[in-house]
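Student: Could we go through some of the terms used for a protein model, setting each value against its cut-off?

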Amino acid sequence: MVKHGRVHRYTCSADAPAVDKELKENSKLSLCRNALLNRAQETFVNKTWEEERNVKVKAIEDEEDPKKKLQMEIDLQEADNKFRRRKFGNITFIGQLYRQSLLSTKIVQWCLFDLIKHTHRNPDTGKLPEPPFDEESLQCAIQLIESLGKQLDQSTPEFNGKEYLDQTLKHLESISSMCSNKIRFMIMNVIELRQNRWIPRKGVDQGPKKLAEIHNEIKREQMENQLQRDQYDRKLRTGGSTSQHGRNPPVARNSLDNRFGGAKGGDRRSIAASKAKQTPSSVQPKSVSLLLKGDNSLGGARKTWHQGSGGGGNSSTTETTKSAWQKTSRDESQRKNSAVDERAASLAAAKTICSGKTESTPETDSEEVKAMREEKYQKIGKEVGAVLESYDEGDMKLEECVDEIFKIVNNEKYGCPNVNEVFYRFTEYAVEKVRKPQLPKLGHMLCLALQKNEQKQEALAGMSRYCAMSVEAEMWMDIPDIWSKLADLLVNAVYCDPNLTSGSRPSFKDFTNVFLEASKDDRKDKSFELLVISLKRMAEMNAKVDAHDHATMSSFVYQEEVLPFLQNIDRVKLDSALRACRPEVPGFEDLYAVLHHH
């Protein structure tokens, strides 16, 4: 139902000659449009259901047979549910028609008035009516305001939207105390939504979090806290950034690696892999304590445990630095645990009590083990290359290719990698090894792989981790077009040919963390290069598909699937980057104009 208004608009624009002919033959009246609007109006104003329901209720009361009476009550409940679905669905449909400019503002204003008029003050006495109110009508009105508030909250010469919404929301707030808790909280939410410029709160529709997601958040916060402690420790050891001891040793004049401070490309990658913030897997490994402590007591001494493809911290730390770090760590251990650590301790204690088992802290891997694991991880990219070659030559179907990629997970041949690691290497191979003409085929594989809901979040986390490593290692020095190639991979996954896969395709919203990690590129005018190139590719593809309404489609994706999920970004810098981008889209000077087309 939500997409019907947009589908009708798209159908009319796609078949423009037929529409023009119809308008000409019917005196500028569209029979299809009129039929849709008439049906929506009939459903909205139809008030006969209450009379029919009263008849059925009376028939149930008069029925003496218990079995027939029970069946009639069930039928009445189903009819009530059907009526509610049709009522709320019709409100959503009206909202979509208005958003596609198929309804006028006056009609929407009249709909809102009709839904809440039973709560208006008596013109003679000036008093509010006595509750209870028709809460289904109020819920429909609030739902309509939530979906159309951004469009209605704009003043034009014909309609003062801001003043109208001010009056409507003020009236709803005045009657909220006489409504049920559900309606009262809905009114509070819509008022808060307007104060937040109609940008919904993050995760508002995600529902309650799973236990694995809570564990992941705790681990992530612990890693961030640990990183801050390590930075503080290094500052104490080096005496601050202005101390002579805190500076890097001078580089030989004849060294070819002056720009890297003496580190080669491979060393930069290893260092960055250990520094980059890593999103842990949602699958908890066996015999691993959530607290990463040496014993099971809630106040046990903290040990550092670095996890991921890098295999741990930098091995070049001297014995003197280690002793200084240990001394500082002893001072740190005397601090009071943070709220995150206390919450993690409670979860770990509950988990231990429920399972009846004692979990042990994993031993730090030796350098030989790390090297062996990294060598096996490197084989993942080669396997992805072999799968791509088979797909390119037609020896394997797309579904078979994705199955082969997921067979790598937990395979001893490749170092028992999890989904996060597999898609970290998948992205690495796509960006660093694959030629651009083959990237669309890898994008098709990514599209189908992300249809597996159980592994989707871990796969996206692996891709985000690769972006974090690339920024930390400044991989653009070795791969100047790194963001361009990654954008090709993402856009071909989002706009995968429907003939290749029947399931739902990923959206730009799914790659939010990928864009955020890439935006940490601190080069001048490069912060949003990945996002801008991706949006440029999208606008150009839409222009090829639909020459008439492509700007509306691109603007809709940007306003609904991209912008609301990019929290705490520099909008001024992003708008500047969009204005500097020149897409191959006829009729528009820059990408900003395309994405803000209404």
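**From value to term**

Tutor: In this predicted model, H550 has a relative accessible area of 5%, and because buried means under 20%, H550 is called buried. H550 lies in helix 22, residues 550-562, and, leaving aside neighbours within four places in sequence, H550 is in contact with N542, A543, V585, P586 and F588.

Student: Why is K407 called exposed?

Tutor: The relative accessibility of K407 is 52%, and exposed means over 50%, so K407 counts as exposed.

Student: What makes E404 and K407 a salt bridge?

Tutor: The closest N and O atoms of E404 and K407 are 3.2 Å apart, and because the cut-off is within 4 Å, the pair forms a salt bridge. E404 itself is partly exposed, with a relative accessible area of 25%.

Student: How do you know that R425 and E421 are separated by about one helical turn?

Tutor: They are four residues apart in helix 16, residues 419-432, which means a separation of about one helical turn. R425 and E421 also form a salt bridge, with their closest N and O atoms 2.8 Å apart, and both belong to a network of salt bridges that links E374, E421, R425, E428 and R465.

Student: How do you know that the span of helix 18 agrees with what it should be?

Tutor: At 1.5 Å a residue, the 21 residues of helix 18, residues 453-473, should span 30 Å, and the end C-alpha atoms are 31 Å apart, so the two agree. Helix 18 is mostly covered, since 16 of its 21 residues are buried.

Key:
Residues are numbered from 1 along each chain as its sequence is written. This is a predicted model: local features need pLDDT of at least 70, side-chain atom pairs count only at pLDDT 80 or more; totals for chains, interfaces and linings use all residues. Side-chain values use heavy atoms; hydrogens and water are left out. Helices (H or I, at least four residues) and strands (E, at least two) are DSSP runs, numbered from the N terminus. The expected span of a helix is 1.5 Å times one less than its number of residues. Buried means under 20% relative accessible area, exposed over 50%, partly exposed in between (1.4 Å probe, protein chains only). Contact means heavy atoms within 4.5 Å. A salt bridge is a side-chain nitrogen of Lys or Arg within 4 Å of a carboxyl oxygen of Asp or Glu.
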